[in-house]
Amino acid sequence: MRYTLSVTVENEPGVLSRVAGLFSGRGFNIESLNVGPTLESGVSVMTITTEGDEQIVEQIVKQLRKLITVIKVVDLTEMKSVLREMILLKVSAVEANRAEILRTVDIFRCKVVDVSIDEITIEATGNHEKIEAIIGLLTRFGVKELSRSGMVAMKRSMQG
Amino acid sequence: MELSGAQILLECLKREGVEVVFGFPGGAVIDIYNELPNASFKHVLVRHEQAAIHAADGYARASGKVGCCLVTSGPGATNTVTGIATAYMDSIPVVILTGQVPTPLIGNDAFQEVDIVGITRPCTKHNFLVKDVTKLAHTIRQAFFIARSGRPGPVLVDLPKDVMQTKTEFVWPETVHMRSYNPNYKPHPGQIHKVAQYLRDAERPLIYAGGGVISSHANEALTWLARKLRIPVTATLMGLGCFPGEDPLWLGMLGMHGTYSANMAVNHADLVLAVGARFDDRVTGKVSTFAPNATLVHIDIDPTSIQKNVSVHVPIVSDCRLALEALKEALTPSLEEYDFEEGHAPWLSKIAAWGKEHPLTYKPSDENIKPQHVVELLHELTHGDAIIATEVGQNQMWAAQFYKFNKPNTFLSSGGLGTMGYGFPAAIGAQFACPGKLVIDVAGDGSIQMNSQELATSVAYNLGIKIVILNNGFLGMVRQWQELFYQRNYCETCMDAQPDFVKLAEAYGAKGFRITRPADLRRGLQEALETPGTVIVDVLVEREENVYPMVPAGASLTDMLLV
């Protein structure tokens, strides 16, 4: 199962390697990772997605809380939350395919951010499944380059 | 008044109550050593940095205070890594001060530069690199606070040379507050209530105690609980001394080399109260068959210890002493209503029968000295009052089995990491913590060679440490496994090329004795123990003696190989 953890940390040198080391030291893989500052100076939020069984992830959450530089850990998996990823994708767009690609861009409400004679670069945001679907549909035209962000996530206000 | 970084460091150590620092100088820490003549504490010069950290660790275990060591950058720092991991696995509070190249050179592959903060990240509770002298005092304060609070552990502080030279106003932070570090000490009252009821109702209760009982000073509360409710007690290697070894309720150690009665008791108990222990694989054997009939209660200050290896029924995240004292309070009124003496009599007599059936024993011999007998005699000759450090392997297990520890902080052994070469430097640290006590290192001929250079330190400070080598010319524990599980293929475990340990002692200015015949053992040990100063006793023991009972790795606790 895929888990999404939101980890609030003191933003100081080495904090990323402390968190990452905790995963690698136990033989677990981080599937995606996003780090960015918060409104409070000196504090960052990491959004980490990982695969594992419940007991392993429970252990990871406890170990994360034990790190001295970690302020808060929230497991968003079981909560109602908004999850978003972003991609930049450069797809081959010869004349014959161009219309179909643009239609797909339209359907998924992506943006075209760069165009050349035979390539289109699109920007897309969405949850994990939507991003997978876009990539899946565009692959047949020839994806030249893909840059994908980690997940960013937020708990919904209404949990009931 | 403005002070240099080095001066601030010494002032901080003084205010933290540091009495002794074990160290070894080098280029990156010359500025600190330059100030040492003005220090409030004693500096002990070791002969290898690994010994500095082990000595600080031994000091911490024997005194219950934070140990401290000081080494230079690069190889000085990397030489402490084994000792740091040793302290980390056993939750021992130590502060390691390492020199570092000047901040402008960090990352340049400068001479004797190493990223020790990066290297020790997975084996310290926390570590710091101090890049700004104005943050030095606060960092040292945090380091000691983190090391001694919560689940204790080693904390490393990396000190660049230029930071030690820079001057600034010294400000001592009166309090430490860290928003991201607030260990929970108090037990949940509801959980205590629940456990108290389990304890009232249990017919076959058992206490399984670990090192947390010793580090939280919970031994008195534990002894009260066991004696008043008539609950038998077993302990891990790290827990030895938390309950009097001569008490009838004491079952001895459990696990791989635990006693028959302790392991059988775990198997038959209907309630196991695990206190400050972590269900290590050497203790549980096959996890799925551990305590199969019992309700498991687990008291530990570290939430990550709970539900890690074994799924327990009642977890209590708390300081062990506070939890046991809360149980004491909850159960005191029950002492009138319940007759625990009678209620637990069948259980205790069953355990006593197991003890009689297969006591901790060995086959005596008139020809060869039995290593177990050496430890038994040490117990007798010291009236059980010595501090015993051990190396790792058979010597460690025999010391744990046959010396009856009555008090906490008297058994110093590398339990989690299993570090050969730990015992002697740890004994040096313990001797500085307890100058009036007799400190003995129970060693093997293999292990002692891993840090024997510290004979120079022991002699230089005129320490009365007695090293008793159980010399079988083998790396005995590995040989035992080879004998039992690898068809006696004694590959590279025979150590018949070894130094003359008597001459080795003499070369360093210590005294050396050799005992070869059982008839001379008692007199020989007595003479060695009565000889002032550092002494090596080289005892030639039965070469292929095994440690029993033994639960093969991964087997159930009841599958014991017996004498």
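**Exercise 1. Work out how many residues of domain 1 of chain A are in contact with domain 2 of chain A, and what kind of residues they are.**

Solution. Eight residues of domain 1 of chain A are in contact with seven residues of domain 2 of chain A, where two residues count as in contact if their C-beta atoms, placed from the backbone, lie within 7 Å. On the side of domain 1 of chain A that touches domain 2 of chain A, β1 (2-10), β2 (30-37) and β3 (43-51) of chain A each supply at least two residues, and the largest share, three residues, comes from β2(A). By class, that side of domain 1 of chain A has two nonpolar, six polar and no charged residues; here Ala, Val, Leu, Ile, Met, Phe, Trp, Tyr, Cys and Pro count as nonpolar, Asp, Glu, Lys and Arg as charged, and the others, Gly among them, as polar.

The model is a predicted one, in which local features need pLDDT of at least 70 and side-chain atom pairs count only at pLDDT 80 or more, while totals for chains, interfaces and linings use all residues. Residues are numbered from 1 along each chain as its sequence is written, and chains are lettered from A and ligands numbered from 1 in the order in which they are written.

**Exercise 2. Locate the two domains of chain A and describe the secondary structure of the chain.**

Solution. The domain assignment, which is automatic or from a database, gives domain 1 (2-75) and domain 2 (81-155) of chain A, and their centres, taken over C-alpha atoms, are separated by 28 Å. Chain A has four helices and nine strands, which are DSSP runs numbered from the N terminus (helices H or I, at least four residues; strands E, at least two). Along the sequence, the pattern of chain A reads β-α-β-β-α-β-β-α-β-β-α-β-β.

**Exercise 3. Trace the open sheet of chain B and find its edge strands.**

Solution. Six strands of chain B form the open sheet, in the order β16-β15-β17-β18-β20-β19, with parallel pairing; two strands pair if DSSP finds at least two bridges between them. The edge strands, each pairing on one side only, are β16 (411-412) and β19 (511-515) of chain B. Next, β19(B) pairs with β20 (residues 535-540) of chain B in the parallel sense over five bridges, and Phe513(B) has Val537(B) in β20(B) as its bridge partner.

**Exercise 4. State how many residues each chain gives to the contact between chain A and chain B.**

Solution. Chain A gives 14 residues and chain B gives 11 residues. The side of chain B that touches chain A has five nonpolar, three polar and three charged residues.
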